[in-house]
Number of protein chains: 4
Amino acid sequence: MNGNRFGRLFQVTTFGESHGEAMGCTISGCPAGLELSEEDIQADLDRRKPGQSMITTSRGEPDDVSIKSGIQDGYTTGTPIGLVIQNKDARSGKYEPFITAPRPSHGDFTYSAKFGTRNWGGGGRSSARETVNWVAAGAIAKKLLAREGIELKAHVNQIGDIEAPEVSFEEMREHSEENDVRCAHPETADEMQELIEEYQDEGDSIGGSIYFEAQGVPVGLGAPRFDSLSARLGQAMMAVPATTAFEFGLGTEAAEWTGKERNDDWEFDSDGNPTPVENDHGGIQGGISSGEPIYGEVTLHAPTSIPKSQQTADWETGELKEEKVIGRHDPVLPPRGVPVVEAMLALTLVDFMLLSGRLNPDRVDNQPGEYDTDYHPSNPQNE
Amino acid sequence: MNGNRFGRLFQVTTFGESHGEAMGCTISGCPAGLELSEEDIQADLDRRKPGQSMITTSRGEPDDVSIKSGIQDGYTTGTPIGLVIQNKDARSGKYEPFITAPRPSHGDFTYSAKFGTRNWGGGGRSSARETVNWVAAGAIAKKLLAREGIELKAHVNQIGDIEAPEVSFEEMREHSEENDVRCAHPETADEMQELIEEYQDEGDSIGGSIYFEAQGVPVGLGAPRFDSLSARLGQAMMAVPATTAFEFGLGTEAAEWTGKERNDDWEFDSDGNPTPVENDHGGIQGGISSGEPIYGEVTLHAPTSIPKSQQTADWETGELKEEKVIGRHDPVLPPRGVPVVEAMLALTLVDFMLLSGRLNPDRVDNQPGEYDTDYHPSNPQNE
Amino acid sequence: MNGNRFGRLFQVTTFGESHGEAMGCTISGCPAGLELSEEDIQADLDRRKPGQSMITTSRGEPDDVSIKSGIQDGYTTGTPIGLVIQNKDARSGKYEPFITAPRPSHGDFTYSAKFGTRNWGGGGRSSARETVNWVAAGAIAKKLLAREGIELKAHVNQIGDIEAPEVSFEEMREHSEENDVRCAHPETADEMQELIEEYQDEGDSIGGSIYFEAQGVPVGLGAPRFDSLSARLGQAMMAVPATTAFEFGLGTEAAEWTGKERNDDWEFDSDGNPTPVENDHGGIQGGISSGEPIYGEVTLHAPTSIPKSQQTADWETGELKEEKVIGRHDPVLPPRGVPVVEAMLALTLVDFMLLSGRLNPDRVDNQPGEYDTDYHPSNPQNE
Amino acid sequence: MNGNRFGRLFQVTTFGESHGEAMGCTISGCPAGLELSEEDIQADLDRRKPGQSMITTSRGEPDDVSIKSGIQDGYTTGTPIGLVIQNKDARSGKYEPFITAPRPSHGDFTYSAKFGTRNWGGGGRSSARETVNWVAAGAIAKKLLAREGIELKAHVNQIGDIEAPEVSFEEMREHSEENDVRCAHPETADEMQELIEEYQDEGDSIGGSIYFEAQGVPVGLGAPRFDSLSARLGQAMMAVPATTAFEFGLGTEAAEWTGKERNDDWEFDSDGNPTPVENDHGGIQGGISSGEPIYGEVTLHAPTSIPKSQQTADWETGELKEEKVIGRHDPVLPPRGVPVVEAMLALTLVDFMLLSGRLNPDRVDNQPGEYDTDYHPSNPQNE
């Protein structure tokens with residue numbers, strides 16, 4: 001299995017199972033000279049971590065990240081960054097009825113059939129706990145992007161049949177972290193919260209979706225055809241656990257628009273360069289970024305772990321049985337999915353910044369005069 | 001730019017521009033011993049080629065494929081298969097107003113900004129003509145899959161606001177090639193055809209979507225997390241020109257389903273192995289195939305090349321101008337997109353068949369006497 | 001920088017610097033069902049570790065490996081194996097004269113010029129300490145290979161101008177670990193030891209070479225042309241720190257042999273299959289393994305860290321200065337290089353075993369009753 | 001088989017067999033804006049092509065290259081460059097005795113055992129004819145490198161036991177193409193020629209070696225550890241057909257040098273930057289280029305196709321037989337190997353120029369007025 005690596009030049013390689021000893025990832029391709037501390041990473045991990053509210057699982061993971069390599073005196077060295085996050089609160093006992101019987105719509109059966117094993121501890125490698133690695137790596141990507149003027153944000157725009165009205169990028173930044181649902185529209189957030197609690201009380205769970213947007217992306221990112229920006233985002237987002245749909249720009253709605261309606265005319269920007277009048281194209285044309293904001297949406301199905309009774313088939317006894325998935329589970333995924341989607345967006349963009357030569361792969365650009373001989377004494381970290 | 005390669009073990013590497021001399025691709029990783037002729041490939045190319053009906057572009061390309069290597073005596077040799085398809089009917093004159101001004105919502109601007117060039121001939125590398133390579137490679141993938149009992153099919157299930165009712169896999173196979181729209185529901189196909197002609201008459205174009213399904217996929221394909229089956233399908237399908245959304249299983253609808261509703265209980269199949277009662281999960285669980293049919297949907301926006309007047313910005317003159325995209329263009333993309341979507345599905349699946357060891361990477365298993373004259377007895381695997 | 005990954009299907013991704021907190025690597029692509037413990041890995045780490053004799057550095061690293069993931073109940077699960085090895089005895093103080101001046105023929109200057117940093121602690125990422133990761137990963141590869149009947153071994157066959165006579169594979173296995181030099185010819189080992197001590201006493205160091213051999217390699221490994229078995233071994237071995245030459249078969253001697261002399265005639269083996277009469281080709285023909293033993297040689301230059309006075313150029317002061325590299329260093333590299341060369345050989349071979357389908361990428365074949373409690377019956381491959 | 005691709009960012013993907021219809025390769029990652037014509041490529045192909053002298057095979061291949069894509073108005077467009085070279089003079093009849101019996105020390109047996117086929121036409125994919133693709137791609141790489149001030153050259157420095165004295169880079173450039181042997185030392189070339197003819201007359205063949213050197217390589221190329229510059233060169237050169245050894249810097253001689261002897265002291269260059277006093281390190285330190293010339297050597301064994309009688313084992317008849325390899329073959333490989341070694345050196349270096357950000361991956365910097373009619377003003381990198 002080679003599915004634990006993402007990125008061409010900014011590469012993230014992960015390991016870890018839900019109830020194993022630790023999660024971890026190695027980031028290769030981060031240029032030298034980026035100021036970076038564990039706190040930078042921790043901030044995003046805290047947004048993803050369990051137990052942060054009533055509508056998340058109560059598993060008690062502090063998710064403290066430890067940087068093992070790649071940093072010297074507070075700056076990256078250009079060499080691989082090794083991160084480890086201990087698992088502290090694994091309690092596998094609760095999965096016992098499902099050791100020899102797959103949980104409905106989980107990865108239990110497919111993993112077992114593939115590997116001939118039964119990693120029953122919280123789903124093992126198939127658990128969404130893996131995304132702690134993505135969020136950690138994504139935090140580094142975000143820091144690099146921010147230096148280049150690229151900002152990105154996601155928020156929850158649908159839970160069940162409750163959809164949030166359109167919000168601006170600024171509203172997303174301002175409001176999405178103010179409530180437990182991570183919806184940037186406060187009134188809708190309240191409704192969503194209520195709906196989630198209803199399902200939670202019933203022992204059920206509910207689906208939803210996440211809207212994402214990136215601003216400041218320069219023209220020219222993307223490697224069509226198979227590695228177009230949309231294709232790579234498609235892979236990145238469809239890798240997010242429980243995702244069943246990825247859309248950018250008009251998404252599924254585009255089926256109903258005519259060419260004339262959807263096409264964005266050209267005008268000139270203040271520098272005299274062509275710029276689209278509108279952005280129905282979602283920031284990507286011909287698979288390459290157009291300079292307009294990139295936006296889209298990801299649908300996440302309802303969590304499969306529910307305390308309601310469900311039928312499973314025990315391959316040891318050969319019997320069908322009704323079981324409840326007892327444990328500490330989220331009644332809904334998008335609120336904790338927001339930092340995960342942001343991470344995958346950041347990882348995709350930073351990789352293309354390197355691939356397009358807009359980011360120096362060896363080291364971030366120094367201030368003029370600061371790096372004036374061939375040699376390095378001018379690097380801030382050595383002064 | 002490194003976007004011209006797809007696949008990990010079954011690798012397709014493409015070249016070619018819309019109005020260049022030829023298109024071509026190299027397939028690496030096809031096992032030896034597969035019976036293969038140009039006719040096998042041509043059949044699918046003919047389904048994709050222009051000029052096949054009134055609702056496709058009238059560009060006159062025979063799309064004759066020529067196999068340059070990798071075949072001996074009608075069988076693959078296990079070495080790279082080189083394919084070349086000549087471009088015959090390129091007429092770049094028609095693009096003249098847009099040489100120094102980007103066509104609305106095309107890849108003109110982004111390609112030019114990235115590469116500092118203006119490949120004005122039919123969009124150059126950004127043209128959907130590239131997909132002739134994909135369909136050619138996909139035909140080989142389909143042949144390999146068929147040997148393993150994997151069948152796949154796509155059809156057009158939406159044009160504008162006309163949606164086809166659900167059809168069975170058998171209906172797709174039987175009916176989707178019977179009409180120009182490639183919709184497996186004949187009555188809906190008629191309605192779609194009418195709608196397309198309406199937009200065509202207006203000088204406009206319209207969007208739509210394609211439903212795809214694969215049957216006979218064994219349990220265990222997919223390399224979670226970043227290369228889960230859904231992630232790789234996401235990349236494959238989002239690479240298809242004009243795609244704005246990829247869905248599998250319930251797709252965007254999953255947002256509104258509860259866990260209890262969506263979860264598929266387990267029962268036993270006739271061999272005593274667990275099998276899901278339903279297939280709301282779309283054939284993929286935990287990123288790995290479950291043995292159930294894999295199905296999903298791809299949305300394609302309306303063609304951007306329309307004979308209606310649109311505004312563009314000429315960077316040579318610095319003036320805005322109203323221009324029509326004269327040329328030979330499709331009024332709708334899904335009908336010709338069907339073989340493209342099938343090809344990308346086939347390429348994704350065959351790659352995972354190799355990655356999971358279910359297909360021998362060196363050679364397909366020979367039937368005794370079928371290929372034994374050139375066969376070498378010394379490999380223990382064949383004794 | 002993306003140089004921290006080796007392998008196509010059996011992938012090793014590493015991190016760590018000489019004086020950082022920890023070394024570590026993630027192994028992806030190890031099939032499920034392999035019995036594996038930390039002890040299996042530790043045995044090879046102990047052969048590589050510092051301080052094991054008078055002719056190795058006295059740095060006191062226990063090199064205890066900790067498995068963080070990928071193992072359940074003593075067997076691999078098919079998911080990524082995360083390994084971490086703490087650095088315990090880093091003393092960077094000794095490098096002070098060289099903080100602003102590069103050590104002669106080290107990687108100090110090139111790393112600094114590339115990354116704009118000065119990772120002065122023991123050479124940082126450029127240190128041979130990195131090979132602790134390779135040996136750890138290699139130990140897992142060896143275990144997999146041994147299951148398939150592939151055995152490999154290396155020994156020191158030259159130090160300075162002292163060359164060992166040819167020894168058999170059995171002699172290598174029996175004698176190479178009996179002496180500190182790791183030369184399988186005991187008398188030569190004594191001479192080598194004496195020579196090394198001489199140079200050590202003078203404050204100098206000396207070069208040497210390592211002979212390696214693999215037996216039981218099946219016919220058919222290698223992916224010509226660019227990934228031929230010889231090309232991949234070339235990359236693997238030239239990555240070993242201090243290597244200046246890689247040879248297989250006749251190596252540099254082949255320049256002087258005629259075709260008739262070097263060509264190996266064919267005869268039949270006991271099964272009636274063609275087999276070469278001799279093995280002057282070194283087990284590889286046309287870039288693919290021939291079934292004969294694979295053998296070759298790697299030359300390692302003398303350690304660059306020597307207590308003799310050498311001239312360096314201080315970029316801070318702009319002055320030339322004479323300095324000695326004080327610290328704990330090896331007077332010769334091949335003795336500790338033996339497990340490193342074996343590891344790279346094993347990693348290369350196991351990757352091709354997977355690529356050629358000879359190893360099942362999902363799981364090793366289980367012995368009945370050996371691992372069946374957690375075993376899932378539904379995979380047709382195991383029935 | 002996935003061995004037909006070389007390079008990370010500058011990627012070459014090849015196809016073709018000795019006696020198939022055509023050879024071809026696709027180059028991905030060549031920046032836009034490079035002036036390029038078929039003549040640029042042809043010049044190097046002519047240096048490699050058969051029939052150029054009495055000491056090369058008489059096979060009559062013009063090796064005319066045809067560019068199918070990636071060029072517009074004489075400049076690269078940044079999109080994949082498709083090249084095709086027709087095979088004109090394939091005469092497979094001569095191989096008949098070896099259809100069911102492997103030629104000694106060829107790739108016949110290993111290819112057949114791997115793929116279960118017998119591609120008897122001139123060795124099929126295992127033939128050195130493949131290198132026509134490498135030389136074609138290498139010619140483009142050389143053009144890119146020359147723009148950056150990087151020059152490279154190779155010459156034949158040993159045939160049998162005749163070794164050329166050391167020559168300067170300038171001598172290599174001036175003299176190596178003056179004689180059929182491609183040895184830059186004219187007197188030695190004469191001796192070599194004589195020796196080759198001697199072996200040729202006897203119906204035998206002889207080995208030799210090629211020395212290569214690159215000048216003007218900037219500091220900082222290489223991605224240690226597994227993709228160090230030496231490791232990647234190792235792979236590149238060991239992929240060259242018939243190579244049995246790769247050396248850089250002191251090569252195998254390094255075994256006998258002490259640290260003090262081999263270490264290169266530091267002084268200051270005219271810009272006040274540290275620079276090594278000598279270049280015993282071969283231009284690579286810690287796996288990264290030091291700014292000094294990169295030099296090394298490749299050993300090629302004697303051609304295996306000889307008209308002398310040799311024993312083979314016919315697997316159809318089960319009989320041993322004595323056969324001569326009739327055909328048109330080279331009596332020695334290095335003379336035609338010189339452009340091949342240069343190509344692999346160029347491909348390795350250009351890839352690292354892109355990976356290190358020293359070459360803009362999207363386009364080369366344009367000279368003002370040189371390419372500005374098609375030039376798009378909107379990219380900030382060009383303002």
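Two strands count as paired when DSSP finds at least two bridges between them. Keep that in mind for this predicted model, where β1(C) and β2(C) are joined by two bridges and Arg5(C) sits across from Thr13(C) of β2(C).

**Where chain D meets chain C**

- Chain D and chain C each put 102 residues into the contact.
- Together the two chains bury about 7900 Å², and 59% of that falls on carbon and sulfur atoms.
- On the chain D side, the residues giving up the most area to chain C are Arg225(D), Phe226(D) and Trp266(D), which together make up 13% of what that side buries.
- Salt bridges across the interface of chain D and chain C come to zero by the rule used, but there are 53 residue pairs in polar contact, both at pLDDT 80 or more.
- Sort the chain D side that touches chain C by class and you get 40 nonpolar, 41 polar and 21 charged residues.
- Strands take part too: β11(C) and β11(D), residues 243–248 in each chain, pair antiparallel over three bridges.
- Within that pairing, Glu247(C) has Ala245(D) as its bridge partner.

**The five-strand sheet in chain C**

- This one is an open sheet with antiparallel pairing, and its strands go β1-β2-β3-β7-β4 in chain C.
- At the edges you'll find β1 (5–6) and β4 (65–67) of chain C, each pairing on one side only.
- β2(C), the partner of β1(C), covers residues 11–15 and runs antiparallel to β1(C).
- Helix α1(C), residues 38–48, packs on the sheet and touches β4 and β7 of chain C, with its direction at about 155° to that of β4(C).
- Helix α3(C), residues 131–147, also packs on the sheet; α3(C) touches β2, β3 and β7 of chain C, and its direction makes about 35° with that of β3(C).

**The 10-strand sheet through chains A and B**

- Here the open, antiparallel sheet reads β9(A)-β8(A)-β10(A)-β16(A)-β11(A)-β11(B)-β16(B)-β10(B)-β8(B)-β9(B).
- Over in chain B, β8 (151–159) and β10 (208–215) run antiparallel and are joined by eight bridges.
- Ala154(B) has its bridge partner in β10(B), namely Phe212(B).
- In chain A, helix α8 (334–355) lies across β8, β10 and β16, at about 145° to β8(A).

Definitions and conventions
Residues are numbered from 1 along each chain as its sequence is written. Chains are lettered from A and ligands numbered from 1 in the order in which they are written. This is a predicted model: local features need pLDDT of at least 70, side-chain atom pairs count only at pLDDT 80 or more; totals for chains, interfaces and linings use all residues. Side-chain values use heavy atoms; hydrogens and water are left out. Contact means heavy atoms within 4.5 Å. Buried area is the accessible area (1.4 Å probe) that two parts lose on being put together, summed over both. A salt bridge is a side-chain nitrogen of Lys or Arg within 4 Å of a carboxyl oxygen of Asp or Glu. A polar contact is a pair of N or O atoms within 3.5 Å; within protein, one must be able to donate a hydrogen and the other to accept it, and residues adjacent in sequence count only if both atoms are side-chain atoms. Ala, Val, Leu, Ile, Met, Phe, Trp, Tyr, Cys and Pro count as nonpolar, Asp, Glu, Lys and Arg as charged, and the others, Gly among them, as polar. Helices (H or I, at least four residues) and strands (E, at least two) are DSSP runs, numbered from the N terminus. Axes are lines fitted to C-alpha atoms, for helices over the stretch in contact, and angles run from 0 to 180 degrees between N-to-C directions.
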